[in-house]
Amino acid sequence: MTALTASLFFASRLFMQEVDTVRSPTVERDEIDRHESLFDQIQTESDDLQLIDELTWRQEHPFDLNSISQEELESLPGVTPAEASSFISFRRHAGRFVSVEQLRVIEGVGEGLYEKIKPFVEVSGGARGMGIELRSRTSRDLQPRRGFLDSSFIGSSVKSYNRLLLEAGEVQVGAVFEKDGGERFSDGFVSGYAAVKDLGFVSHVVVGDFTADAGQGLVLWRSSAFGKGSEAVSVAKKTGLGIRPYRSTDEFNFLRGVAASSALDLLDGNLAVTAFFSRRSLAGSTDITDALMGLYEEGFFRTQNELQKQKAVTEQLFGGRIQFAAAGGWSIGATAYHSRFDKPFLSDRVFEFSGQTATVAGVDGGVQFERLTLFGEVANSGAGAVAGLA
């Protein structure tokens, strides 16, 4: 029988210049399912968690239709490159939007695009100024799990989630704390970041926890994404947003350090350069020689056996990306990173990673012909493994 859950939810947002309500406290599974059957496209439990967190954030902090980029538009569920291109072309010729409902009059897109993106966009009335947002959620299973009955769980049964966000113009500071049921509070997940935009030549800087997306994900893709699902053609192409602050409670798929990006208008196009550095501890299983047999991605630390996997290895990673996007609708980019671990990985399978260092590099590109989109990426691990898609 499915365990019943009792939840206490508290959310508040205070703006010094404006008082607003939180748009949606959470994105429930049935609500997301109304938007292109998203959960049919999710491939792993990790993607499930990050996708919910990302869409929840985007509903609470929607894109402005008058400033949203084509890449940001394509990152929304079910939006095709052709629809995004039609939107950008319409805005370029029609000028500013005064309401979200104007999406319905875009030729060749209309009602379809409107239904897809209306929960995630708005027409902003201007700068919102300084703000403080606090969100807290506590839950507990009314039906005890086996780990509590046999005393293998060492922590309380309370699950806690807390998020704090401070905003002041182009500066944003955020922090997240989550404790799963069965964990001690001292073993809970803590994440935080400080982000600044529009620092002259530097367009975006993130210090703390962040994600980085590039190309089609063969080289670098550390955040949520949609899989094929039943709409195989419309969501086949991935669209990354580069570096972004990390706001999810997934305890594995993120980087921790510093990242910066810069953009320059050049030769009837845009040249973007990104660099990042990360150093963080990862959970995993080791053998008697202290060599790593595998990483532990679940993020539960409720038992003594799970606690032994904490901070099993330290990863140090640095890399970057350069991309040129032409006004004519084509782009080309290159991505590379080098990673070093303080313990060796063991593997007896061909092409599976082993040793202490890894270098991965790839090139990607795409071109848009009205409603036809061609794209691809080729990557090499530096150890004989090559991958490609088109």
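A search of the whole structure, which is a predicted model, finds 12 salt bridges. One of them joins the side chains of Arg145 and Asp141, with N and O 2.8 Å apart. Arg145 is partly exposed at a relative accessible area of 44%, and Asp141 is partly exposed as well, at 22%.

Another salt bridge pairs Lys159 with Glu178, and here the closest N and O atoms are 4.0 Å apart. This pair links distant parts of the chain, since Lys159 sits in strand β5 and Glu178 in strand β6, 19 residues apart. Lys159 has a relative accessible area of 36% and is therefore partly exposed. Glu178, at 8% relative accessibility, counts as buried because the limit for that class is under 20%.

Arg244 and Asp213 form a further salt bridge through their side chains, at 3.1 Å from N to O. Arg244 lies in strand β9 and Asp213 in the loop between β8 (202–212) and β9, so the pair ties together parts that are 31 residues apart in sequence. Both Arg244 and Asp213 are buried. Elsewhere, salt bridges link Glu60, Glu133, Arg135 and Arg163 in a network.

Ser248 is buried, with a relative accessible area of 5%. Its side chain reaches the backbone nitrogen of Asp250 at 3.2 Å.

The nonpolar residues come next. In soluble globular proteins, nonpolar side chains tend to be buried together. In this chain the largest nonpolar core has 19 residues, and those with the most contacts inside it are Leu65, Leu73, Leu76, Phe87, Leu103, Ile117 and Val121. Helices α4 (81–94) and α5 (110–117) each supply at least two residues of this core. Beyond its neighbours within four places in sequence, Val121 is in contact with Pro62, Phe63, Leu65, Ile68, Leu76 and Val100. Another core, of 18 residues, lies apart from this one and includes Trp57, Ala212, Val219 and Ala259.

Some nonpolar residues are at the surface instead: Ile132, Leu134, Leu164, Leu166, Val171 and Val173 form a patch with about 430 Å² of accessible area together. Strands β4 (130–141), β5 (158–168) and β6 (171–179) each supply at least two of its residues. Leu164, found in β5, has 37% relative accessibility and so counts as partly exposed.

For the chain as a whole, the secondary structure comes to 7 helices and 18 strands. Of the 390 residues, 44% count as buried. The chain exposes about 20,200 Å², of which carbon and sulfur atoms supply 55%.

Definitions and conventions:
Residues are numbered from 1 along each chain as its sequence is written. This is a predicted model: local features need pLDDT of at least 70, side-chain atom pairs count only at pLDDT 80 or more; totals for chains, interfaces and linings use all residues. Side-chain values use heavy atoms; hydrogens and water are left out. Patches are made of residues with over 30% relative accessible area and no salt bridge: like charges are joined within 9 Å, nonpolar side chains (Val, Leu, Ile, Met, Phe, Trp, Tyr) within 5 Å. Accessible areas come from the Shrake-Rupley method with a 1.4 Å probe; for residues, only the protein chains shown count as cover. Helices (H or I, at least four residues) and strands (E, at least two) are DSSP runs, numbered from the N terminus. Buried means under 20% relative accessible area, exposed over 50%, partly exposed in between (1.4 Å probe, protein chains only). A nonpolar core is a set of buried Ala, Val, Leu, Ile, Met, Phe, Trp, Tyr and Cys residues joined through side-chain atoms within 4.5 Å. Contact means heavy atoms within 4.5 Å. A polar contact is a pair of N or O atoms within 3.5 Å; within protein, one must be able to donate a hydrogen and the other to accept it, and residues adjacent in sequence count only if both atoms are side-chain atoms.
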